[in-house]
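Okay, thanks for coming, everyone.

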Amino acid sequence: MNILQMLRMQSRLIPDIVDKFNKRYELLLSIQIHQPIGRKSLIDIMSMTERQLRTECEILTKLGLINKNTTGMTITEDGQKFLADFKNYIVVDNFKLETEKIKNYFGLKKVLVVKGDFTKSDVTKKNMVNLLFDNINDILSKGSVIGVSGGSTMQYVASNVDKTFGYGKDIIISPIRGALTISNTGYQSNDIATQLAVNSNHKYQLLHAPDNIESSTLDELIKEPIVKQSLDIIAKTSVIIHSVGDAFEMAQRRKLPVDVISLLKENFAVSEAFGSYFDADGNVIYSTKTIGMSSSDVKNVANIFTIAGGCDKSEAIYSYLNSKPSNTTLIIDESICKKILNKLNKNIS
């Protein structure tokens with residue numbers, strides 16, 4: 001009998017045991033993320049009363065999982081070990097039935113759901129990126145090329161990676177497409193690739209080419225030695241990490257022409273991924289011209305990892321999943337999971 005089966009049996013006798021366990025786990029993980037942290041800051045993060053928090057922290061201290069001192073609360077070595085041991089059990093198994101339903105309906109390789117809302121909880125964010133890194137580490141081979149897209153979610157991924165990612169595998173990290181024509185360069189794929197590589201101590205290859213350019217200019221750029229070198233590396237990509245964006249938000253970032261915006265509106269565009277804009281049924285309405293991988297090229301890559309969180313992204317994710325990306329491991333939060341299941345239940349009924 002594994003630990004989760006034991007917890008389920010105990011929950012039949014003590015109905016609130018799982019809720020208490022999850023709450024203490026979330027509290028412990030919040031302390032780990034923000035340590036050293038004071039009680040007042042924890043109250044805001046955990047949405048607990050001061051009395052509740054004081055009681056729970058006293059219990060964790062007596063269990064030897066946290067320390068309290070003048071600078072704030074910190075995790076002990078035993079606390080670190082506890083979090084490492086329980087991470088995958090608590091994150092993944094709570095949603096086993098839901099993940100199977102989503103996986104089977106869209107024909108995905110794998111679906112992982114994390115408790116909470118990515119936009120509201122640092123714990124959910126941290127769990128999601130850790131789950132992403134763990135699953136990629138499981139399939140990486142020596143010398144693998146990892147392709148990355150841009151965006152705010154990807155920026156968070158890159159800023160939270162460490163040297164355990166791809167350790168000893170000598171991987172290369174590269175953007176998969178040309179850069180967005182936006183002023184906020186921190187979210188561009190070149191910046192994501194650089195940050196991800198530097199933080200994990202790996203090599204990176206950049207792609208110096210603008211996004212959404214004329215065909216004639218595109219043809220000339222491909223001939224440039226530095227661009228050709230980048231494309232040769234991108235062609236060897238075996239793993240892609242990306243997120244999915246809202247169609248019109250991405251169209252504005254790319255500064256698409258008015259006639260293209262009108263086309264997207266007329267055809268009810270919902271989502272964007274890999275430079276392609278999809279309607280609610282997953283049909284491609286429009287694709288931007290750029291150097292690098294298109295949505296059709298991506299279908300030939302062995303492992304795609306799609307990570308997205310926050311219920312405001314649920315429509316975009318549902319739209320993209322309808323394109324049936326069968327080589328995809330989907331990592332989402334509980335809020336998106338619920339929205340997707342509601343849609344599926346309506347479709348099936």
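One definition before we start: when I call a residue partly exposed, I mean its relative accessible area falls between the buried cut-off, under 20%, and the exposed one, over 50%. Take Glu315: its relative accessible area is 43%, so it counts as partly exposed. And keep in mind that this is a predicted model.

Let's stay with Glu315. Which residue does Glu315 form a salt bridge with? That would be Lys343, and the closest N and O atoms sit 3.3 Å apart. Glu315 is in helix H15, residues 314–321, while Lys343 is in helix H16, residues 334–348, so this pair ties together parts that are 28 residues apart in sequence. Lys343 is partly exposed too, at 26% relative accessibility.

Now look along helix H16, where there's another pair: Lys338 and Glu334, 4 residues apart, or about one turn of the helix. They make a salt bridge as well, with 3.5 Å between the closest N and O atoms. Are the two partners buried or exposed? Lys338 comes out partly exposed at 49%, but Glu334, at 15%, counts as buried. While we're on pairs with shared partners, Arg39, Glu50 and Arg54 are joined into one network by their salt bridges.

Next, Glu272 and Arg254. Their side chains meet in a salt bridge, 2.9 Å from N to O. Glu272 is in strand E9, and Arg254 is in the loop between helix H12 and helix H13, so to speak two distant parts of the chain, 18 residues apart. Both of these residues are buried. Over the whole structure, the search turns up 10 salt bridges.

Phe274 has a positive phi, near 55°, and it isn't a glycine. Its relative accessibility is 7%, so Phe274 counts as buried.

You'll find Asp170 in the loop between helix H8 (152–159) and strand E5 (172–175). Asp170 is partly exposed, at 49%.

Last one: where is the cis peptide bond I wanted to show you? It runs from Gln35 to Pro36, with omega near -10°. Pro36 is in the loop between helix H2 (17–34) and helix H3 (39–46).

Key
Residues are numbered from 1 along each chain as its sequence is written. This is a predicted model: local features need pLDDT of at least 70, side-chain atom pairs count only at pLDDT 80 or more; totals for chains, interfaces and linings use all residues. Side-chain values use heavy atoms; hydrogens and water are left out. Buried means under 20% relative accessible area, exposed over 50%, partly exposed in between (1.4 Å probe, protein chains only). A salt bridge is a side-chain nitrogen of Lys or Arg within 4 Å of a carboxyl oxygen of Asp or Glu.
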